[in-house]
Amino acid sequence: MTILRSIARPLLASVFIYDGCDAILDSRSHASRFLDVQPMLEKVGVPPVISSDAQMLAKISGGITAGAGLGFALGIAPRTNAALLAAINLPITLINAFSSVSTSLLEAPDTLDDTAELNQVSNDDPPTTQAMRNRDALHTFLQGAAVAGGLLLAIFDREGKPSLSWRARRAEQRAQRSLHKATQHAAKKASRYAR
């Protein structure tokens, strides 16, 4: 492992190790972010989750995140752990981004009564407060996207070694050349004995 990788992997993994341990120790706050987004998820078709299930899900997700982050930081199956962290990062990023924005403002009004209720909610918050929430949500989303980009680089990092498909093609080419040379050599010997 190069010096760059030995520094970069723990730096990238540190946020996952911290967040995973925090989710295990304080599952209630992690579950509350999910419960804030739950009404939007129900509209899309995700079944409702009760609070205790959300806390258990936060603990399980935290354990997987901390374990994969630790494995990635130590260089143990780094590509596999990076893929696992990337898969976990996507829903967590979306939940964290949308939980900072008021869910009532993200939902489309179904009737005129809903429109009036939406306008009341919007008028309660000053525009600057709502703009700050939206900016914070965008910032959270972009941070998650940046981390996902780093993980994608880590997934495809072969540490300077060629891919298995390249090695297989190379071995096939070498075998074909050897077979061709052996065939030519055998043909020359046969022609000598035929004379």
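Guide: Residues are numbered from 1 along each chain as its sequence is written, and side-chain values use heavy atoms, with hydrogens and water left out.

Visitor: Where is confidence lowest in the chain, and where is it highest?
Guide: The general idea is that pLDDT gives the predictor's confidence in each residue, from 0 to 100. Here the chain averages 79, and 83% of the residues score at least 70. Helix 5 (residues 103–106) has the lowest confidence, at a mean of 44, while helix 3 has the highest, at 90. Over residues 102–121 the pLDDT is below 50, and this stretch has 22 contacts in the model beyond near neighbours in sequence; a contact means heavy atoms within 4.5 Å. Where pLDDT is low, the predicted coordinates should not be read in detail.

Visitor: How many helices and strands does the chain have?
Guide: Helices (H or I, at least four residues) and strands (E, at least two) are DSSP runs, numbered from the N terminus. This chain has eight helices and zero strands. Of its contacts with a separation of 6 or more, 74% are between residues 24 or more positions apart.

Visitor: Which residues form the largest nonpolar core?
Guide: A nonpolar core is then a set of buried Ala, Val, Leu, Ile, Met, Phe, Trp, Tyr and Cys residues joined through side-chain atoms within 4.5 Å. Buried residues make up 23% of the 195 in this chain. The largest core has 11 residues: Ala13, Phe16, Ala68, Phe72, Ala73, Ala82, Leu85, Ala86, Leu151, Ala154 and Ile155. Helix 1 (3–25), helix 3 (51–74), helix 4 and helix 7 each give two or more residues to this core. Setting aside residues up to four places away in sequence, Leu85 touches Phe16, Thr65, Ala68, Gly69, Phe72 and Leu151.

Visitor: Is Gln38 buried or exposed?
Guide: Gln38 counts as buried because its relative accessible area is 9%. Gln38 sits in helix 2 (residues 27–44) and, beyond residues up to four places away in sequence, touches Pro48 and Val49. Ser27 also belongs to helix 2 and is buried, at 7% relative accessibility. Leaving aside neighbours within four places in sequence, Ser27 is in contact with Asp22, Gln55, Ala58 and Lys59.

Visitor: Which residues make the nonpolar surface patch?
Guide: Like charges are joined within 9 Å, and nonpolar side chains (Val, Leu, Ile, Met, Phe, Trp, Tyr) within 5 Å. Areas come from the Shrake-Rupley method with a 1.4 Å probe; for residues, only the protein chains shown count as cover. Leu90, Leu94, Phe98, Leu138, Phe141 and Leu142 make a patch of about 530 Å². Helix 4 (78–99) and helix 7 (127–155) each supply at least two of its residues. Leu142, in helix 7, is partly exposed because its relative accessibility is 49%.

Visitor: Where does Ala77 lie?
Guide: Ala77 lies in the loop between helix 3 and helix 4. Although not a glycine, Ala77 has a positive phi of about 45 degrees.

Technical notes: This is a predicted model: local features need pLDDT of at least 70, side-chain atom pairs count only at pLDDT 80 or more; totals for chains, interfaces and linings use all residues. Patches are made of residues with over 30% relative accessible area and no salt bridge: like charges are joined within 9 Å, nonpolar side chains (Val, Leu, Ile, Met, Phe, Trp, Tyr) within 5 Å. A salt bridge is a side-chain nitrogen of Lys or Arg within 4 Å of a carboxyl oxygen of Asp or Glu. Buried means under 20% relative accessible area, exposed over 50%, partly exposed in between (1.4 Å probe, protein chains only).
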